[in-house]
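Reader: I am new to this structure and would like a close look at one part of it, the place where the two chains meet. Please take me through what is found there.

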Amino acid sequence: MLFSSTVFLYYFLPAVLLVYYLLKKSRLLKNVLLFFASLIFYAWGEPKFVLIMMASIVINWAMGLLVDRNRSHAHAARIFLALDAVFNLSILFVFKYLTFTGNLLYSAFGLDLHIPNIALPIGISFFTFQAISYVIDVYRQKGKAQVNILYVGLYISFFPQLIAGPIVRYETVADEIRNRKETLRDFGDGWSRFVVGLAKKVLLANHFAILSDTAFQICVTGTPSVAFSWLGAIAYTLQIFFDFSGYSDMAIGLGKMFGFHFLENFNYPYIATSISDFWRRWHISLGTWFRDYLYFPLGGSRVKKPRLVLNLLVVWLLTGLWHGANYTFILWGGVYFLLIVFEKLTGFDKKQGAKLNALKWLYTMLFVVMGWVLFRADSIQDAGAYLSSMFGLRQNPLSDGLFIGYFQQNLIPLMIGIFACTPIFKIWREKTKNSKLIDACSVVALTCLFILSVARLVSSGYNPFIYFNF
Amino acid sequence: MKIKLYPKIIAFFFSTAFLLAGFLNVQDTLFSVVHYARLFVQAAIAGDGGAFESFKKNINTVSDYPIYHDQLLDLDSIKENLIGTRVVKKNDKTVVKSAFDRLVEPSGKVQTDDMLPCVEQLKQLETIAEQQGARFLFVSIPRKERFVTVPVNIVDASKENYDSYLSLLRERDVPLVDLEEGLMRHGLSGEEMFFYTDHHWKPYPGFVSSLIICEELNMRYGLEYDETYTNIDNYRVETYNDYFLGSYGKKVGTYFTWQGADDFDLILPKFETDMTEEQPFKNKVRTGSFEETVLYMENIQQKNYYLLNTYCVYSGGDFRLQIMKNNLNPEGKKILLIRDSFACVTAPFLSLQTSELHICDMRNFEEFVGEKINVEEYIKEIQPDYVIVQFIGYGSTGDDRYNFF
């Protein structure tokens with residue numbers, strides 16, 4: 001089930017909220033409700049994959065207890081921790097990477113392992129990383145091991161963050177699973193955050209999706225102009241930001257409505273002035289997950305330069321691979337590795353100055369936009385063709401009717417989208433937070449945004465889910 | 001206890017009120033959800049493995065057409081209009097706002113090789129008709145896209161496809177009449193022919209097409225026809241303003257263009273009529289005046305943009321087989337008309353010239369399953385004087401319309 005669907009908005013969410021708040025003070029019953037609601041939410045897409053998630057819950061619950069109870073025997077605890085990591089990564093490997101590996105072996109060595117095409121359970125990368133986080137945080141004593149399997153189940157399967165993140169670390173919500181307090185203010189904040197996220201996804205991301213899908217499709221079948229290629233790439237840059245950050249806003253908002261406080265996942269990434277800065281602002285929960293559970297254990301940056309480069313290589317190749325089993329994602333991660341190594345070795349990130357920052361922003365966005373082309377393309381060949389079009393290397397014209405038409409028809413959404421990528425509104429809202437008039441306007445604006453989003457959902461058949469690879 | 005009403009909480013209540021008001025407004029929705037939930041529980045208790053899947057399917061179906069659907073669609077259409085959207089992709093179809101606010105659906109280029117099977121099917125049908133003593137005519141209707149200017153970012157090959165198809169038909173010597181030329185000869189410009197929000201032509205061009213067919217049959221085969229029935233002065237034209245939202249309008253909402261909904265003309269005979277309309281596959285027979293038989297007045301008695309198809313006031317819509325009999329002309333000719341939906345408007349007026357007009361729709365619609373007709377056998381059975389095929393656009397085998405045998 002998607003947040004941006006009428007079945008979620010009209011039936012699932014109102015029903016869960018209503019029953020949740022009718023249960024008043026029984027924390028246990030509330031958690032039972034949220035757990036079973038999450039299973040229904042997940043099963044709505046593909047019921048059989050619920051079994052995989054259940055297996056993950058049972059094994060990680062057991063491993064959490066074993067790690068906790070063997071804490072006095074450090075060696076044994078580490079073995080259970082390693083076994084847990086192997087189990088979780090094996091699930092991920094089988095469902096996400098086995099077919100890809102088989103194809104790789106066949107194309108490289110002609111070795112045919114007869115691996116069938118395995119369907120990818122939606123959100124598997126998110127809930128597997130959360131499961132790993134649970135056992136590691138228990139091992140590191142950043143959260144207590146849960147004796148009651150229900151609580152581990154709720155942590156791993158909680159529907160707001162289940163299929164598109166953010167990756168909520170166990171230490172973030174360990175206490176709130178049993179001891180949270182719902183407040184009217186949180187509920188209001190959560191609802192408004194949810195509406196803003198819904199609007200980002202439905203009104204902006206889905207709109208840009210039409211333009212970017214058209215551009216990527218045309219690029220495979222023809223040779224669009226330089227200007228249209230750039231327009232398509234920029235549209236995808238906006239689409240993926242509003243889609244992903246919209247889902248994160250909805251998840252954070254829903255969490256708040258149920259009394260949970262998730263960490264932020266995006267912080268205006270498109271104002272970044274370096275690639276390192278960009279990755280501190282983009283999909284923060286993934287970046288910090290890799291940092292704390294992989295990069296730091298490998299030694300982080302407090303090592304000699306060759307080792308630092310190796311650590312970064314491992315982290316960025318795995319970051320790329322996490323996004324999907326395709327050469328495009330590996331290359332995408334590889335490009336970011338090179339850029340970040342460049343920045344780390346030259347101290348690029350630390351150089352400041354108004355004019356310099358403008359140039360640094362241009363450099364950052366240039367590579368980010370080109371990176372999204374690689375990320376969006378079905379193959380490296382397609383990405384190459386698209387990037388060639390962007391730089392006029394396919395003897396394509398500078399501009400064409402496609403560009404003129406689509407630019408004119410998307411000018412207003414593009415302007416709104418670019419504006420919404422900046423923190424201008426947030427800064428203005430901070431300055432006017434004591435204005436009753438602005439408060440009243442925000443009531444109207446939020447209600448309008450919600451109704452317009454529902455209207456768009458009802459009217460449009462175009463509502464892509466772009467995380468099926470994750 | 002003092003409760004502070006945070007603005008965001010107020011917004012939540014407004015939004016909830018919006019959902020609830022609509023939810024309770026459509027009692028059927030509430031009853032459906034409860035009903036499906038009850039069925040699911042019963043099936044699950046009985047151990048039905050598919051219980052969840054069917055519950056999911058039922059709820060998804062209910063939620064696909066939520067409360068205030070039409071109003072929400074219209075609201076969204078205003079927003080899309082304001083922000084300058086001209087291209088809407090929906091359910092694998094692309095609807096485009098062309099110049100002067102006419103909604104169209106662009107077509108890709110169709111290769112000549114793909115058109116040839118349709119030409120051959122027509123040629124074969126002509127041969128069979130001639131063998132059975134019937135005269136044959138293909139009536140070609142131009143697509144609306146032929147007469148509009150689409151935005152520069154849209155590629156539309158409708159004109160090219162139409163011309164190629166007619167060339168192929170002429171090369172194969174298929175007897176045909178191009179309604180584009182005919183309608184223009186009768187003073188109708190391309191822009192006047194079609195609705196703003198629909199892919200169909202307006203009733204008047206449909207009416208004139210019956211005259212053009214009669215003229216063509218007269219010229220080619222000597223058909224004598226009654227000019228009383230082809231003269232618009234002998235009809236009363238009632239115009240229903242802002243009454244009809246066509247197929248494209250239903251997809252994009254009423255106010256995607258400022259033109260809004262279309263006006264709709266109802267053309268009613270001033271003269272006496274006595275007719276019978278039969279639908280053999282449905283075992284349905286209606287006898288009475290023109291209005292009581294070949295018109296379906298229930299489609300125009302109320303304005304409902306989304307739930308009614310006003311266009312279907314003529315002929316009642318699409319049927320695998322429909323027979324219109326003019327009881328005042330028992331000695332008239334018998335015509336077999338193989339059609340698509342454009343004939344809904346042509347057929348009632350053409351039927352006045354005949355003793356029997358047999359109308360076959362060969363398309364593969366779901367509601368036609370089990371009602372297949374073999375045109376060759378049907379020609380042998382009814383022995384028509386004329387076999388007419390009237391189709392829009394160019395040869396396309398996609399929907400089985402050329403699957404005559």
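Author: Across the interface of chain B and chain A, five residue pairs are in polar contact, both residues of each pair being at pLDDT 80 or more; the model is a predicted one. On the side of chain B that touches chain A, at least two residues each come from helix 1 (7–25), helix 2 (27–45), helix 3 (51–64), helix 4 (69–82) and strand 1 (87–90) of chain B. Helix 1 of chain B gives the largest share of that side, with eleven residues. Sorted by kind, the residues on the side of chain B that touches chain A are 27 nonpolar, nine polar and twelve charged.

Counted from both sides, 48 residues of chain B are in contact with 48 residues of chain A. Together the two chains, B and A, bury about 4100 Å² between them, and carbon and sulfur atoms account for 70% of that area.

A:Asn70 sits in the loop between helix 3 (49–69) and helix 4 (74–109) of chain A. A:Asn70 counts as buried because its relative accessibility is 17%, and the cut-off for buried is under 20%. Leaving aside residues up to four places away in sequence, A:Asn70 touches A:Ala76, A:Ala77 and A:Phe80.

How values were computed:
Residues are numbered from 1 along each chain as its sequence is written. Chains are lettered from A and ligands numbered from 1 in the order in which they are written. This is a predicted model: local features need pLDDT of at least 70, side-chain atom pairs count only at pLDDT 80 or more; totals for chains, interfaces and linings use all residues. Side-chain values use heavy atoms; hydrogens and water are left out. Helices (H or I, at least four residues) and strands (E, at least two) are DSSP runs, numbered from the N terminus. Buried means under 20% relative accessible area, exposed over 50%, partly exposed in between (1.4 Å probe, protein chains only). Contact means heavy atoms within 4.5 Å. Buried area is the accessible area (1.4 Å probe) that two parts lose on being put together, summed over both. A polar contact is a pair of N or O atoms within 3.5 Å; within protein, one must be able to donate a hydrogen and the other to accept it, and residues adjacent in sequence count only if both atoms are side-chain atoms. Ala, Val, Leu, Ile, Met, Phe, Trp, Tyr, Cys and Pro count as nonpolar, Asp, Glu, Lys and Arg as charged, and the others, Gly among them, as polar.
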